[in-house]
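Here is a short note to read alongside the model. The points below can be followed one at a time, with the structure open beside you.

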Amino acid sequence: MTMSRSTQATEHKTVIKLGGSLLERLTPDFFKGIQQMIESGKRVIIVHGGGPAINRKLKEAQVETHVVNGLRVTPAEAIDIVQTTLIGSVNPWIVHQLEQADIQAVGLNGFDGGLMKASYLDQDTYGYVGQIDHVNPALLYLLKDAVPVISCIGRTDKGQALNINADTAAEKIAAAIQADELLFVTDTPGIKVNGQTVTTTHPDEINGWIADGTIYGGMIPKVQAAAGCLDADIPAVRIVNEMLEGTTIFKEVAVK
Ligand SMILES: Nc1ncnc2c1ncn2[C@@H]1O[C@H](COP(=O)(O)OP(=O)(O)O)[C@@H](O)[C@H]1O
Ligand SMILES: CC(=O)N[C@@H](CCC(=O)OP(=O)(O)O)C(=O)O
């Protein structure tokens, strides 16, 4: 059954990005927590990565890749491995964990229903890495009673799969459905500065931490995606661990 436009506008939508860094240590309690969110009336949409699983499969196939600006440079011989690992292995594992917690779930990727149309970010530099040009969320609205679990694979007009950073995919999905909140669930309790978790921050402060090296590696696309969400008027963006503890990022400095 499809939801009416008014239902779509009023229901509370939470996008949860599950990072590959912590996927394998998520416990049944984490998935029960998602069930509680749903019971409290929230619509939950999951976008997932799977960097470590991709690394393992690439190693088995003896394909080497490297990272530039937090993105995996993805040559022709790697894109099939990225696609099959995310869609064929990581995605069904998450769907299964949700089903075990009595949550109906449906695995999706950018091909399904034209969900994430993409083009090459910069083929000379990054190979088969995509930037999302258009999100078609119609299919998400059809899945009223099931949690969509979305792999970060986009597709070109010609049907080529492209590798998309999962943080960026979560940002674009959240913006397209005007989510009420986006949670980046990762392997660290938020942004750390001098070893201490920062509880609240804003993009200006974050840019300073990128410039001085306090924020590096995989945290960079995460905070950039968070800033993109705030620009798209998503009111709440959080970077948290599996206990949902971490950093909340606001658009501006809170007025005291
Ligand atoms: N300032 C920072 N605070 C916390 N983590 C940081 C920071 N800068 C870089 N990182 C790194 O970012 C990692 C999380 O990013 P990543 O491994 O890509 O996670 P995910 O797979 O969840 O997307 C942390 O484990 C840590 O190594
Ligand atoms: C272009 C690019 O970097 N794609 C990522 C997609 C997976 C991902 O983002 O996984 P995490 O959430 O675990 O980081 C990659 O190939 O690793």
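Predicted model: local features only at pLDDT ≥ 70, side-chain atom pairs only at ≥ 80, totals over all residues.

1. Let us begin with the overall span. The UniProt record, an unreviewed entry, gives residues 13-240 as "domain: Aspartate/glutamate/uridylate kinase". In the model, that span is 41% helix and 26% strand, and its end C-alpha atoms are 18 Å apart.

2. Next comes the sheet. Its 8 strands form an open sheet in the order β5-β8-β2-β1-β11-β15-β16-β14, and the pairing is mixed. Where are its edges? They are at β5 and β14 (200-201), each of which pairs on one side only.

3. Strand β11 (residues 181-185) deserves a look of its own. Is it enclosed or open to the outside? Of its 5 residues, 4 are buried, so the strand is largely enclosed by the rest of the structure. On one pairing, β11 joins strand β1 (residues 12-18) in the parallel sense over 5 bridges. β11 also pairs with strand β15 (residues 236-240), in the parallel sense and over 5 bridges.

4. Individual residues let you trace those pairings by eye. Leucine 182 of β11 is the bridge partner of valine 15, and leucine 182 also stands opposite valine 237 in β15. Further along, lysine 17 has phenylalanine 184 of β11 as its bridge partner.

5. Now for the annotated site. UniProt, again in an unreviewed entry, lists Gly50, Gly51, Arg72 and Asn163 under "binding site". These residues are spread over 114 residues of sequence, yet they cluster in space, with a largest C-alpha distance of 11.9 Å.

6. Two members of that list can be described in detail. Glycine 50 counts as buried because it has 27 C-beta neighbours inside 10 Å. Beyond its neighbours within four places in sequence, glycine 50 is in contact with Gly20, Leu23, Thr85, Leu86 and Val90. Arginine 72 sits in strand β4 (residues 71-72), and with 21 C-beta neighbours inside 10 Å it counts as buried, the cut-off being 20 or more. Leaving out residues up to four places away in sequence, arginine 72 touches Thr65, Val67 and Asn163.

7. You will find it in the loop between β5 (105-108) and β6 (116-120). Leucine 115 counts as buried, with 26 C-beta neighbours inside 10 Å. Which residues does leucine 115 touch, not counting those up to four places away in sequence? They are Leu108, Gly110, Val135, Asn136, Leu139 and Ile150. The C-alpha atoms of leucine 115 and glycine 154 are separated by 7.9 Å, although the two residues are 39 apart along the chain.

8. Turn now to a helix pair. Helix α8 (residues 166-176) and helix α10 (residues 219-231) pack at an angle of about 10°, and their axes are 8 Å apart. That angle makes α8 roughly parallel to α10. From α8, the contact uses Asp167, Thr168, Ala170, Glu171, Ala174 and Ala175, and from α10 it uses Pro221, Lys222, Ala225, Gly228 and Cys229. These contact residues divide into 6 nonpolar, 2 polar and 3 charged.

9. Finally, two loop residues are worth checking for their backbone angles. Glutamine 178, in the loop between α8 and β11, has a positive phi of about 50° although it is not a glycine. Glutamine 178 is partly exposed, with 14 other C-beta atoms within 10 Å. Aspartate 233, in the loop between α10 and β15, has a phi near 65°, a positive value in a residue other than glycine. With 9 C-beta neighbours inside 10 Å, aspartate 233 counts as exposed.

Definitions and conventions
Residues numbered from 1 in each chain as written. Chains lettered and ligands numbered in written order. Axes fitted to C-alpha atoms, helices over the stretch in contact; angles between N-to-C directions. Parallel < 35°, antiparallel > 145°, perpendicular 65-115°, else oblique. Contact = placed C-beta atoms within 7 Å. Nonpolar A, V, L, I, M, F, W, Y, C, P; charged D, E, K, R; others polar. Buried ≥ 20, exposed ≤ 12 C-beta atoms within 10 Å, placed from the backbone. Pairing = 2+ DSSP bridges. UniProt positions renumbered as here; feature names shortened; annotations may be inferred.
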